[in-house]
Amino acid sequence: MEYPKLLTISGSLRKGSYNRMLLKEAVNAFGPATVTNADLNLPLYDGDIENSEGIPARVQLLADQIYEADGIIISTPEYNKGISGVLKNALDWVSRVPGNVLKGKPTVAMSAAAGRSGGETALFMTLSCLSQYQVRLLLGPGVMVAGASSEFDENGSLKGESYRNALKIRMRALHDEICG
């Protein structure tokens, strides 16, 4: 039997980002899957570039990865009470690729941030942006890891039982949505 295909999208480019750690924990909670980690190191959206050169190859690759995925897991940091520029830029570019590859795609979003709200504002902004694509947002207990620098151990694993339990519930819902 072929494993479901998951695409993880981190709103942070930093290698050691807490959102990348959270995505790793989400994948582990999901269970066996073929996982692709999206690369959001894309050029800034510019309509002049799009008009003169078309969709950049890295953006098309991201759109293809979205299209091929059975489900998507997004984790975003919060920068200055908002969505990360990296994630917003990726969503802006993907919206320009013909075919709305996100439409109907089972998607779970979460956040990890240094602040005490765990990236709540960025998470809700991300959900708002995603709703325009008509993704199949799977809602449930919010996974918003507050004070993220203290919530992961030296191996990048979540310490808090409440976060792990909420993550398990969300990943079970995604697994059920994809696998039936």
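Does Trp-93 count as buried or exposed, and what is its relative accessibility? At 0% relative accessibility, Trp-93 counts as buried, a word that here means under 20% relative accessible area, with exposed meaning over 50% and partly exposed lying in between (1.4 Å probe, protein chains only).

## Basis of the description

This is a predicted model, in which local features need pLDDT of at least 70 and side-chain atom pairs count only at pLDDT 80 or more, while totals for chains, interfaces and linings use all residues. Residues are numbered from 1 along each chain as its sequence is written, and side-chain values use heavy atoms, with hydrogens and water left out.

Helix α4 covers residues 85-94; helices (H or I, at least four residues) and strands (E, at least two) are DSSP runs, numbered from the N terminus. The buried residues of this helix are Leu-87, Asn-89, Ala-90, Leu-91, Trp-93 and Val-94. Those buried residues of α4 pack against β1 (5-10), α2, α3, β3 and α5 (120-131), where contact means heavy atoms within 4.5 Å.

Asp-92 also lies in helix α4, but with a relative accessible area of 26% Asp-92 is partly exposed. Once its neighbours within four places in sequence are left aside, Asp-92 is in contact with Tyr-45 and Tyr-133. Between Asp-92 and Thr-8, which are 84 residues apart in sequence, the C-alpha to C-alpha distance in space is 17 Å.

## The crossing of α3 and α4

The axes of helix α3 (residues 57-68) and α4 come within 10 Å and cross at roughly 85°; such axes are lines fitted to C-alpha atoms, for helices over the stretch in contact, and angles run from 0 to 180 degrees between N-to-C directions. That angle makes α3 roughly perpendicular to α4, because angles of 65 to 115 degrees are classed in this way, while those under 35 count as roughly parallel, those over 145 as roughly antiparallel and the rest as oblique.

On the α3 side the contact is made by Val-59, Leu-62 and Ile-66, and on the α4 side by Ala-90, Trp-93 and Val-94. The residues of this contact divide into six nonpolar, no polar and no charged, where Ala, Val, Leu, Ile, Met, Phe, Trp, Tyr, Cys and Pro count as nonpolar, Asp, Glu, Lys and Arg as charged, and the others, Gly among them, as polar.

## Aromatic pairs

The structure holds two aromatic pairs; rings of Phe, Tyr and Trp (its six-membered ring) pair if their centres lie within 6.5 Å, and planes under 30 degrees apart count as stacked, over 60 as edge-to-face and the rest as tilted. One of the pairs is formed by Tyr-18 and Phe-152, and this pair is stacked, at 5.9 Å centre to centre with 15° between the planes. Tyr-18 lies in helix α1 (residues 18-30) and Phe-152 in the loop between β6 (144-145) and α6 (161-179), so the pair ties together parts that are 134 residues apart in sequence. Tyr-18 counts as partly exposed at 26% relative accessibility, whereas Phe-152 counts as buried at 6%.

The rings of Tyr-45 and Trp-93 have planes at 75° and centres 4.8 Å apart, so this pair is edge-to-face. Because Tyr-45 lies in the loop between β2 (34-37) and α2 (47-53) and Trp-93 in helix α4, the pair ties together parts that are 48 residues apart in sequence. Tyr-45 counts as partly exposed, at 31% relative accessibility.

Asn-80 lies in the loop between β3 (71-76) and α4, and has a positive phi of about 55° although it is not a glycine. Lys-81 lies in the loop between β3 and α4, and its phi is near 65°, a positive value in a residue other than glycine. Asn-80 is exposed, with a relative accessible area of 79%, and Lys-81 counts as exposed at 53% relative accessibility.

## Strand β4 and Val-108

Val-108 is found in strand β4 (residues 106-112) and is buried, with a relative accessible area of 0%. Apart from its neighbours within four places in sequence, Val-108 is in contact with Ile-72, Ile-73, Ile-74, Leu-138, Arg-170, Met-171 and Leu-174. The C-alpha atoms of Val-108 and Ile-55 are separated by 26 Å, the two residues being 53 residues apart along the chain.

## Cysteines

Taking a disulfide as a pair of cysteine sulfur atoms within 2.5 Å, the count comes to zero disulfides. Cys-129 counts as buried at 18% relative accessibility, while Cys-179 counts as partly exposed at 38%.
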